[in-house]
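Trainee: I've got a model open and a few things to ask about it. Can we go through them one at a time?

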Amino acid sequence: MGFNGTSPLLDQRGELRPEDFGAIRELSMNPIGDRIISAFFSPGKETVDFASFVRILAHFHPTETSRSRDGVQPEPANSRTRKLKFAFQLYDQDRDGKISREELLQVLRTMLEMQVTEEQLQSIAERAIQEADLDQDDAISFDEFRKSLEKVDIDHKMSIRFLS
Amino acid sequence: MAALWTLSLLLSACLFWPACLALTPPAELPQPHNLPPSLGFNSSDGSLSVDLPMALRVFSVDYHHVQAPFEIVLWIMLASLAKLGFHWSGRVPAVVPESCLLIMVGLLVGGVIYGVRHSAPPTLSADAFFLFLLPPIVLDAGYFLPGKLFFENLGTILWYAVLGTLWNVLGIGLSLYGVCLLAPSSLGDISLLHCLLFGSLIAAVDPVAVLSVFQEMHVNDQLHILVFGESLLNDAVTVVLYKLFESFLRLPSVSGLDVLLGGCRVLVVGLGGLFVGLFFGLVAALTSRFTSRAQVIAPLFVFLYSYLSYLTSEMLHLSGIMAIVTCAVTMKQYVEANVSERSKTSIQYFLKMWSSVSETLIFIFLGVSTIQDVHMWSWSFVCSTLLLCLIWRATGVLLLTAVVNKLRRNTVTFRDQFIIAYGGLRGAICFSLVFLIDDFPKKRLFITTTIVVILFTVFVQGMTIKPLVELLDVKRKKRALPTVSEEIHSRLIDHLLAGIEDVVGYWGQHYWKDKFEQFNKKYLRRFLIRDDHQAPSSILRVYQELERRDQRGDEEAPPLVDTRSDSRPLLPEEMDSIRRILSRNLQNFNNKQTRAYSRHTLHQDATMDRTRKPLHRHQSLGERYTFNTQGEDGEFSGSRRGRAGLSRSHTGTVKDI
């Protein structure tokens, strides 16, 4: 990967700051672009170094299906659970382990922009929480999140083709 | 219903015109009602100069004056009306692909002409096909080629195109020779070289047929680009092998050196076509830089230069298809940056129109040309050709994929392989090539066999591929209705992946691609693109961004959903509207996922009417303001407006300067 080699911004420092991500035009037009950027940085830190950068991107490596499982090995970064956890944290900005109705509304609002009215947004969020919330605490925990996505092929959806 | 009847009346009228034309005697004989009106005048239709004292003709018909263009226009008219008719008859296009229907119309017309004239109807001449009918289709395909996906999969595509075609050609040729040896009585005079020649023209997958059938199937983009890219690039190999075997046939003997030279020719033909296309593409881009004062003819340059590249490479016996595709791919980004919006739309629209007409004509002529006197039938040859084509293609795809999957991250699944193998349709290129063979005793057999293979692949494979795809459940756009949470979370993940891909793409680019981008920015773009288009100031870009968002907001708002706070199951309409909201938003935003290539329509952006914008902008601003006052929580609405408007695009654009 050309982290250190190709981009002139990085040679001097070997670290990334949020502004460097901002230079990617498509990312700035992405509705959840800023959330993605902040996902690279550990809470409180202003910079991310190469190792952490790679660790984050390792989540998107395609899962190998034929791995032998022994309990000793730590769970790989690109397992389904870790991928889902990454997605979960995009919602859960305050890291309390739950997606509250407000957090869901915020994400919905950025994704749907000005296409919908406030009432429609409320009803969509209401419906989503209804479907997923099993313990009736008006928020979606990680397990509920995972359960609601059990039919989706996360392994394929959240993998990047680094080479073809 | 009434429309359908009028359309079919028009269609049958057009059908009978050629029949009537067939009845008119050839031009040499004098037409009794075309006598020159009086002594002093010259006759416009050539031969007759009888000086009879006749009265002035008030009304006369001079058909031969306009015969050639008239007939051409009538054929095109027939093709277009047939196309219209099929799209009007609701259920039929879903079952039978358009190419089949067109061939059937062609068969009908050919039959009528044959029945009336008792001689063969006009056939598709190879020159007309290669010089006039094929280029628009290939140009259209090349112009709308999804560049990123194509280059990502280029290795695999080349692998299939070059090696796969070689495998097919040699396999089919050699096994056909084996079949001929087994039946020496009827097929004994077909030599090995003839079999190889036949193999080379029948093995090639045809882009026209493939496109028209895959059009109606919605397979995933990767599969589409694999099959389509392969059909485009195998032209180089096909052309070389065909010409090679043809020249071998003319040589008294073939030595090892000739074979080696043949191998070099593949490289020369392929790369030569590439360079010719590159050259013309760059010249076209440069020319378009200066079209600001004569914007009306800017689209013309696109077509002229592409056609010129095709003709030049055909002249040099290089691969014309590769040249025209390369030309289109090269000039696209520069031309689109240089010409006005209207010119851009014109280019796209005309490309679609011409390629559509061309394709329709090709299929109709395929049908017409099938009706001939010159068929020679041989059960063993025809059936074995069909079988061998299928078998060799299947084994070729299996073998090649087994190797290439080890090198790819995204494997080509078994189901994809089936579609690639089964979707290898043959079309008009084979047909024209078989007519070009030098005459030898069994040429008619080859022609008949080619026609049978084409009809078989287009009809049988074309019609059954869709049910088979549904049966095998190839990875397509999902039809199963997901729950709302699934939709929302899936959308989030899609956005996330798009963002990550942008990050990775930005910093993890392949070395050569990165180098090319730097070269592009430093030299090519400065040279080929007009100066005032190069770096619009950030304010202008913010303004453009706002306009774009306004326009999206102008689109018809979905019906208001009934809001109730108690939990009740949502009605299907409400779920539908929610789903529509979610899906439309993703389409609007994530341009990478919308497939621009469609034979029948242009991509949505290109057809938006710019002139409506200023009026709507004021309205929508007013609307947005009233939304904000109605919002339950003013703080949220305010922040929403602020965020959605300037801030995001601003952070994006400031950095670009």
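Trainee: At what angle do helix H9 (residues 192-202) of chain B and helix H11 (residues 221-250) of chain B pack?
Mentor: Keep in mind that this is a predicted model. Two packed helices are described by the angle between their axes and the distance between the axes. Here the axes of H9(B) and H11(B) are 9 Å apart, and the angle is about 160°.

Trainee: So what does that make H9(B) and H11(B) to each other, roughly parallel or roughly antiparallel?
Mentor: Anything over 145 degrees counts as roughly antiparallel. The angle for this pair is about 160°, so H9(B) and H11(B) are roughly antiparallel.

Trainee: Which residues of H9(B) make the contact with H11(B)?
Mentor: On the H11(B) side, the partners include Tyr242(B), Phe245(B) and Leu249(B). Facing them, H9(B) brings in Leu193(B), His194(B), Leu196(B), Leu197(B), Ser200(B) and Leu201(B).

Trainee: And how many residues of that contact of H9(B) with H11(B) are nonpolar?
Mentor: Sort the contact residues by type and you get one charged and three polar. The nonpolar ones number nine.

Trainee: Over in chain A, how far apart are the end C-alpha atoms of helix H6 (residues 80-91)?
Mentor: Start from 1.5 Å a residue: the 12 residues of H6(A) should span 16 Å. The model agrees with that, since the end C-alpha atoms are 17 Å apart.

Trainee: What share of chain A is buried?
Mentor: H6(A) contributes buried residues, among them Phe86(A), Phe88(A) and Tyr91(A). Chain A has 10 helices and four strands. Out of its 164 residues, the buried share is 49%.

Conventions
Residues are numbered from 1 along each chain as its sequence is written. Chains are lettered from A and ligands numbered from 1 in the order in which they are written. This is a predicted model: local features need pLDDT of at least 70, side-chain atom pairs count only at pLDDT 80 or more; totals for chains, interfaces and linings use all residues. Side-chain values use heavy atoms; hydrogens and water are left out. Axes are lines fitted to C-alpha atoms, for helices over the stretch in contact, and angles run from 0 to 180 degrees between N-to-C directions. Helices (H or I, at least four residues) and strands (E, at least two) are DSSP runs, numbered from the N terminus. Angles under 35 degrees count as roughly parallel, over 145 as roughly antiparallel, 65 to 115 as roughly perpendicular and the rest as oblique. Contact means heavy atoms within 4.5 Å. Ala, Val, Leu, Ile, Met, Phe, Trp, Tyr, Cys and Pro count as nonpolar, Asp, Glu, Lys and Arg as charged, and the others, Gly among them, as polar. The expected span of a helix is 1.5 Å times one less than its number of residues. Buried means under 20% relative accessible area, exposed over 50%, partly exposed in between (1.4 Å probe, protein chains only).
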